Amino acid sequence: MKKLVSGHYRLTAKINNRKGIFIVDTGASTSCIGFESIDYFFLKNEKSEVTAAGAGAVNMKTEVARKNHISIGTWQSKNMDFVLFDLSHVNEALQQVAEDPVHGIIGADFLKSTRAVIDYGRNCMYVL
């Protein structure tokens, strides 16, 4: 993981064998990918009645992409679900501190299911 100027931590993950940049956010309940990356990651999106809120945005329309392949380092799974929504507010905030945009967010659903341990001293994350 790399610590950003914003205080967030960024990591690289492969989704459906396509490399992407993600923020690790322990406060985000679910892992997310931006609408603009649906084709890039070969996601099969489905409609959702759920709305999302966070980082200053509320009532955002969402979709869902189920059973995706994810790999981080040597760890991998073929059963990762993502909420899809407009991440422009996240990337605008990153741009304000001269950071590159991200494809998505790794949230608490992933962290809990993999029993992740974040080592802030070494800027790394361990998963089972």
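**Salt bridges and ring pairs in a predicted model**

Biologist: Which residue forms a salt bridge with Arg-122?

Modeller: A salt bridge here is a side-chain nitrogen of Lys or Arg within 4 Å of a carboxyl oxygen of Asp or Glu. For Arg-122 the closest N and O atoms are 3.1 Å apart, and the partner is Asp-119.

Biologist: Happy to hear it! What kind of model is this, and which atoms do side-chain values use?

Modeller: This is a predicted model, where local features need pLDDT of at least 70, side-chain atom pairs count only at pLDDT 80 or more, and totals for chains, interfaces and linings use all residues. Residues are numbered from 1 along each chain as its sequence is written, and with hydrogens and water left out, side-chain values use heavy atoms.

Biologist: Is Asp-119 buried or exposed?

Modeller: Buried means under 20% relative accessible area, exposed over 50%, and partly exposed in between (1.4 Å probe, protein chains only). Arg-122 has 63% and is exposed. Asp-119 has a relative accessible area of 19%, so Asp-119 counts as buried.

Biologist: How many salt bridges are there by this rule?

Modeller: Glu-46 and Arg-66 form one of them, with the closest N and O atoms 3.4 Å apart. Another joins Glu-63 and Lys-47 at 3.2 Å, N to O. By this rule the count comes to four.

Biologist: Which strands hold Glu-46 and Arg-66?

Modeller: Strands are DSSP runs (E, at least two residues), as are helices (H or I, at least four), numbered from the N terminus. The pair links distant parts of the chain, 20 residues apart: Glu-46 is in β5 (residues 45–54) and Arg-66 in β6 (residues 57–72).

Biologist: Now the rings, please. What is the angle between the planes of Trp-75 and Phe-110?

Modeller: Rings of Phe, Tyr and Trp (its six-membered ring) pair if their centres lie within 6.5 Å; planes under 30 degrees apart count as stacked, over 60 as edge-to-face and the rest as tilted. Trp-75 and Phe-110 are 5.3 Å apart, centre to centre, and edge-to-face, with an angle of 90°.

Biologist: Why does this pair tie together parts that are apart in sequence?

Modeller: Trp-75 is buried at 17%, and Phe-110 is buried at 0%. Trp-75 lies in strand β7 (residues 75–85) and Phe-110 in helix α2 (residues 108–113), so the pair ties together parts that are 35 residues apart in sequence.
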